[in-house]
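Biologist: Could you take me through this structure? I would like to begin with the chains and then look at other parts.

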Amino acid sequence: MLELRNVYKTFNPGTVNEKRALNGIDLTLNEGDFVTVIGSNGAGKSTVLNAIAGVWPIDAGSIVIDGQDVTNLPEHKRARFLGRVFQDPMTGTAATMQIQENLALAKRRGAARTLRPGITKKEMEQYREQLKTLDLGLEDRMTAKVGLLSGGQRQALTLLMATLQKPKLLLLDEHTAALDPKTAEKVLNTTDTIIRENHLTAFMVTHNMKDAIAHGNRLIMMNEGKIIFDVAGEEKKRLTMKDLLDKFAELSGSSIQSDKALLA
Amino acid sequence: MGGFLNALPGAVSQGLIWGIMAIGVYITFKILDLADLTVDGSFCTGGATFVVLFASGVSVPVALLAAFGVGLLSGLATGLLHTFCGIPAILAGILTQLGLWSVNLAIMGMKANVAINVINPENLDKLWVSLRFVQDVASGKRPFFRHPIFIVGLFTLGVIAILYWFFGTELGSSLRATGANSHMARAQGINTSVTTVLGLMISNGLVALSGSLLAQYQSFADSSMGKGAIVIGLAAVIIGEALFSRIFRNFALKLLAVSLGAVIYYVVIQAVISLSNINANYLKLISAVIVAIFLSVPYWKGKYFTKAKKGVRADA
């Protein structure tokens, strides 16, 4: 489904701020994989995700999604393969547009934008039914501006938008990090449901080790732009927090106590 | 006072003409969230194109369409400088505007202004709008529907209707999404470079159309006729919003508010000219000060006049 081969990316090359963000990433995701990605700040978790999404070109390597080499495709052309939810709830939706307009924009992901109506009556009915599944009462507020919604509501809406057109790969970039714990849990549960019901392949970056263990069928640990640990199946199910902390200390050579970010 | 009342129909006509330009400014400033300074140049490009074509015997509708066309091209130039060349939008607009100064003079045969011969009644009859028709309708020489307010009013409604339809289409929605959140737009597969260029083109097309109507109305085009157009456009957008935002929520009505904002601006300016003996050369300064104040108000409101309410919880 997704293949990263020897992907490198350096930010601000040749300056004092030079940062080698991706240092030879090799990764293959199988269809139906739900991978959680952990690592300390600056490990390259979000960078991998942005590389897949095509936010900027990579320096070396190749990216193949569903058999098609997308390495040189611009962001908007890769969008037809990808559903994306961002860390900042503001990023995934257009605040000044209506809930139903946002959904209609997402429904047309990957299609040419023509002079046909931006939204039809039939679609509205469809969206009403799909909003009901979120259980947030949004089905009664379809013409409300998205800017009026809370962060949790916006993330749930963005999740729905990401899956209106079934994506080859769902990219979740710490999408619950900006929410309070209760809302975060609710959004994570919605995430699980949506991934399960649509049989999606998903890639979820998180700061939260507990979430990384509790969700998905595979876990990846990153450090300094490299994948240092990759575990799946039964072994992943048996993982505990202590295992992960020990593993991190062993593989990265640094003590976990000095890295509070990983514990958060 | 009498002088002001006599000047009123003319001021309203001119306000409506500038209103079409202001609707163009609304598209970039409000929908695309860009400050496009091409306007000061493309306004005159439209006017010059119209006058030169009309003087050489081209019919009014064709000349108006041509003016709209050169406006689209001006927007294309700014759009490509901004998206393809990566120049910040404001600077891209200034560059196009500067270049258009020469282009405008070239269109007018390297003269600072060109006129339509309206002494020739045959010529005058062909025009769709003219300053002279205001008097003619008042004196009964021409039927009411030749009044510039009527004709430009129809034009405005036509423009609003087309834009209302367009911004409801898939393409129009993707343009709105680009202005609202370009990250989101790209994540939904929208080529934001294309939509940005398209928005700048439509905007400047309308600006040039407005310039061609003004040139027709005053029967000449002048190389400095677009000077400060962007400020007038912003003033119209802001006045329209300040006065009508509470009652006009529909998109078409918001565009109408912009047009009315331009009319109000022009009537106020006319009142200032007629009722005081101020030198008309100070008008640009007055406009700049008024627009600066209007732009500052929302900022001041947020910064200095919002106080936390005591004893009331924010989430209550």
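Modeller: The contact takes 25 residues from chain A and 20 residues from chain B, where two residues are in contact if their C-beta atoms, placed from the backbone, lie within 7 Å. This is a predicted model, in which local features need pLDDT of at least 70, side-chain atom pairs count only at pLDDT 80 or more, and totals for chains, interfaces and linings use all residues. Residues are numbered from 1 along each chain as its sequence is written, and chains are lettered from A and ligands numbered from 1 in the order in which they are written.

Biologist: Turning to strands, how do E1 and E4 of chain A run?

Modeller: Strand E1 (residues 2-11) and strand E4 (residues 60-65) of chain A are antiparallel, joined by 5 bridges; strands pair if DSSP finds at least two bridges between them. Leu2(A) has Ile65(A) in E4(A) as its bridge partner.

Biologist: And what do E4(A) and E5(A) form?

Modeller: They form a hairpin with 2 residues between them, and Asp66(A) in the turn has a positive phi of about 50°. Val64(A) stands opposite Asp69(A) in E5(A).

Biologist: Finally, what does Ala236(B) touch?

Modeller: Not counting residues up to four places away in sequence, Ala236(B) touches residues including Trp18(B), Ala22(B) and Tyr265(B).

Key
Helices (H or I, at least four residues) and strands (E, at least two) are DSSP runs, numbered from the N terminus.
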